[in-house]
Amino acid sequence: MKVWQIIDEGGIDALQSAERPSPKPGPGQIAVRVRANSINYRDLNTVRTPGRVGLAFPRIPNSDGAGEVIAVGEGVTGLAAGDRVAGCFFQNWAAGAISEAAMESAQGGPIDGMLAEEVVLNAHGAVPVPAHLDFAEAAALPCAALTAWNGLAVSGGLKAGETVLLLGTGGVSIFALQFCVLTGARAIVTSKSDDKLARSRDMGAWRTINYSETPDWAGAVKDLTGGAGVDHVVEVGGGGTLEQSLEAVRVGGHIAMIGVLTQGAANPMPILRKSIRVQGIYVGSRAMFLDMNAAIEAGGLKPVIDRRFAFADAPDAYRCMEAAGHFGKIVIEF
């Protein structure tokens, strides 16, 4: 079978196309014919700087993929050949709180990922695909969608009528926008692109802010909320945006800390002064994934796919992610 693998510190240009034997499922495992991957910023960073996370070479990248079961190992029940499944980001986080053991089972990092024609997954590390989604759409769910769901529905307890600030229009933020619309919450979206803001409004964003034209976007958020601030922030920027996010959230509000796309330092005093709850979010468990898929299926939600690349053109998909011009998800189809 064909795979793409990281072989050294050479970045995207050093990704290697290779042949490996087809893997066989052991007890409690399933073999999956992969039909699509999606790329996350984490995957791009892993390819660009594998030494930063102590990656062992060679390593198959990408946490997110979907396909059909082609074989099941001894003791597996509830899954059979032909079933459509998506792999879980963490192969050993079925339910409950995250653990060190779960973190060591992250695909495309500590263990091989999904950028291969065939993979073996733990049976408790896969979920059925919602019936209305194709493989590319299903492949968009394991990391970005589940991160947004955990940050808002699980950690945040999102309710109808609440107001949510979403930074940017990448995969997590667009899924968060869709979950806001599904829940009946009001979303405020920021971007430096008026075209992306217009698309966000078309998808149901309540208000939008061009942060290039309005550098004090926290002040604009306060104005839009009558001075109170938002109930939740989906914080994907990191150090460079956290200080304004702390200003934009209401007293007693909630920040789902998800990304570290920018560098900077934030004064922690507002967390104390405003009794803000800042929760680190690292994707989610299989149990959360199942709950999210039930909501996606009931609401008929369709992931937003920006670009689709062929498996042979996988390096170009990473370059597309690196260019940061996408709206929603970037997908590789097999």
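This is a predicted model: local features need pLDDT of at least 70, side-chain atom pairs count only at pLDDT 80 or more; totals for chains, interfaces and linings use all residues.
**The overall picture**

The protein has 11 helices and 15 strands. How does its radius of gyration fit with a compact globule? With 334 residues, such a globule would come out near 20 Å, and the protein has 20 Å, so the two agree. Along the principal axes, the C-alpha atoms fill a box of roughly 60 × 40 × 35 Å.

**Two loops to look at**

Let's start with the backbone. Phenylalanine 57 and proline 58 are joined by a cis peptide bond, with omega at about -10°. You'll find proline 58 in the loop between α1 (41–48) and β4 (64–72).

Further along, serine 275 has a phi near 55°, which is a positive value in a residue other than glycine. Its place is the loop between α9 (269–273) and β13 (277–280).

Now find helix α4 (residues 141–154) and helix α10 (residues 286–299), which pack at an angle of about 90° with their axes 10 Å apart. Angles of 65 to 115 degrees count as roughly perpendicular, so that is what α4 is to α10. On the α4 side, the contact includes Leu141, Pro142, Leu146 and Trp149, while α10 brings in residues including Met288, Phe289, Met292 and Ile296.

**A pocket**

What is the volume of the second largest pocket? About 230 Å³. Its lining is made of 18 residues, and Gln107, Asp112, Gly113, Val119 and Val120 lie nearest its centre. Strand β6 (residues 118–122) gives the most to this lining, with 5 residues.

Here are the residue classes for the helix contact and the pocket lining:

Methods. Residues are numbered from 1 along each chain as its sequence is written. Side-chain values use heavy atoms; hydrogens and water are left out. Axes are lines fitted to C-alpha atoms, for helices over the stretch in contact, and angles run from 0 to 180 degrees between N-to-C directions. Helices (H or I, at least four residues) and strands (E, at least two) are DSSP runs, numbered from the N terminus. Angles under 35 degrees count as roughly parallel, over 145 as roughly antiparallel, 65 to 115 as roughly perpendicular and the rest as oblique. Contact means heavy atoms within 4.5 Å. On a 1 Å grid over the protein atoms alone, a cavity is a set of points where a 1.4 Å probe fits but cannot get out, and a pocket is an open set with protein on both sides within 12 Å along at least five of seven lines; lining residues have an atom within 4 Å of a point. Grid points are joined across faces, edges and corners, and a volume is the space filled by probe spheres set on the points. The radius of gyration is taken over C-alpha atoms; the globule rule is 2.2 Å times the number of residues to the power 0.38.
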